[in-house]
Amino acid sequence: VALAVTAVTEITVFYYQAQIKAKFGINWLLLLTPFAYAVRQAWYAMLPSFSSPWWVLPAQTLHGLTFALYWSTGNDMVQSIAPRGLTTAMTGLFSGANNVGGLLGSIIGGIVYDEFGGRALFAGVSLINFTLGFALVAAKLREDHPRRPPAYVRLSTGVPVVELELRDL
């Protein structure tokens, strides 16, 4: 049942991806990804507190955001920055990096799970994703709104300026 819910949300997001990207833009959707992951992982951390295993289903609906939107917007981003003639290679690198991330996450996650348990694992990863999300949003906002120029600019003609004080007169 959980896989069915995951598949339905993922297929829905993939189907409407063009409209979603047109409305929000690729950059902001990529920034949404760590937050969606963080909420999903926090939900997993809270699952032992719930009375029924069926409470996993709401978290599974976030899979559409955490995978489908990430995958489609990530590929669009990679294709937009790829040098001419290297789009396929860049897409392959993106896919490879994603797979290496999954491999390392499984290995490190397994070690953390064995040492601290699933609740701590998912709570910790959720905290990491929230922190990453806020850092990425701050960087994006700083990029979109560069520092204001100074209120004045000192102009120079190249001629030395002689500054006099009143006591010099």
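## Terms and basis

Two residues are in contact here when they have heavy atoms within 4.5 Å of each other. By that rule, and leaving aside neighbours within four places in sequence, Thr61 is in contact with Val5 and Thr9.

This is a predicted model, in which local features need pLDDT of at least 70 and side-chain atom pairs count only at pLDDT 80 or more, while totals for chains, interfaces and linings use all residues. Residues are numbered from 1 along each chain as its sequence is written, and side-chain values use heavy atoms, with hydrogens and water left out.

## The chain as a whole

The protein chain has seven helices and zero strands. Helices (H or I, at least four residues) and strands (E, at least two) are DSSP runs, numbered from the N terminus. Read from that end, the order is α-α-α-α-α-α-α. Of the 169 residues in the protein chain, buried ones make up 23%. Buried means under 20% relative accessible area, exposed means over 50%, and partly exposed is in between (1.4 Å probe, protein chains only). Among contacts between residues at least 6 apart in sequence, 72% join residues at least 24 apart.

The average pLDDT of the protein chain is 86, and 86% of the residues score at least 70; pLDDT is the predictor's confidence in each residue, from 0 to 100. Confidence is lowest in α5, with a mean of 87, and highest in α6, at 93.

## Helix α3

The 21 residues of α3 should span 30 Å at 1.5 Å a residue, and its end C-alpha atoms lie 31 Å apart, which agrees. The expected span of a helix is 1.5 Å times one less than its number of residues. Buried residues of α3 include Leu29, Phe35, Arg40, Gln41 and Tyr44. The buried residues of this helix pack against α2 (17–24), α4, α5 and α7.

Ala42 also has its place in α3. Ala42 is partly exposed, because its relative accessible area is 24%. Although Ala42 and Phe122 are 80 residues apart along the chain, their C-alpha atoms are separated by 6.2 Å.

## From α3 to α4

Leu47 is in the loop between α3 and α4. Not counting residues up to four places away in sequence, Leu47 touches Trp55 and Val56.

Val56 belongs to helix α4 (residues 56–61). Beyond its neighbours within four places in sequence, Val56 is in contact with Trp43, Tyr44 and Leu47. Val56 and Arg40 are 16 residues apart in sequence and 9.6 Å apart in space, C-alpha to C-alpha. Thr61 is in helix α4 too, and is partly exposed, with a relative accessible area of 39%. The C-alpha atoms of Thr61 and Val5 are 6.2 Å apart, although 56 residues separate the two along the chain.

## Helix α5

His63 and Asn75 both have their place in helix α5. His63 counts as buried, because its relative accessibility is 14%. With residues up to four places away in sequence not counted, His63 touches Thr6, Thr9, Glu10, Arg40 and Ala68.

Asn75 is likewise buried, at a relative accessible area of 10%. Apart from neighbours within four places in sequence, Asn75 is in contact with Thr91 and Phe94.

α6 has 30 residues and reaches 42 Å from its first C-alpha to its last, close to the 44 Å expected at 1.5 Å a residue. Gly117 follows α6 and has a positive phi, near 95 degrees.

The largest pocket has a volume of about 670 Å³. A pocket is found on a 1 Å grid over the protein atoms alone, as an open set of points where a 1.4 Å probe fits, with protein on both sides within 12 Å along at least five of seven lines; lining residues have an atom within 4 Å of a point. Grid points are joined across faces, edges and corners, and the volume is the space filled by probe spheres set on the points.

There are 22 lining residues, and Gln41, Gly101, Gly102, Gly105 and Val125 lie nearest the centre of the pocket. The elements that give two or more residues to this lining are α3 (26–46), α5 (63–81), α6 (87–116) and α7 (118–144). α6 supplies the largest share, 10 residues. The lining divides into 11 nonpolar, 11 polar and no charged residues. Here Ala, Val, Leu, Ile, Met, Phe, Trp, Tyr, Cys and Pro count as nonpolar, Asp, Glu, Lys and Arg as charged, and the others, Gly among them, as polar.
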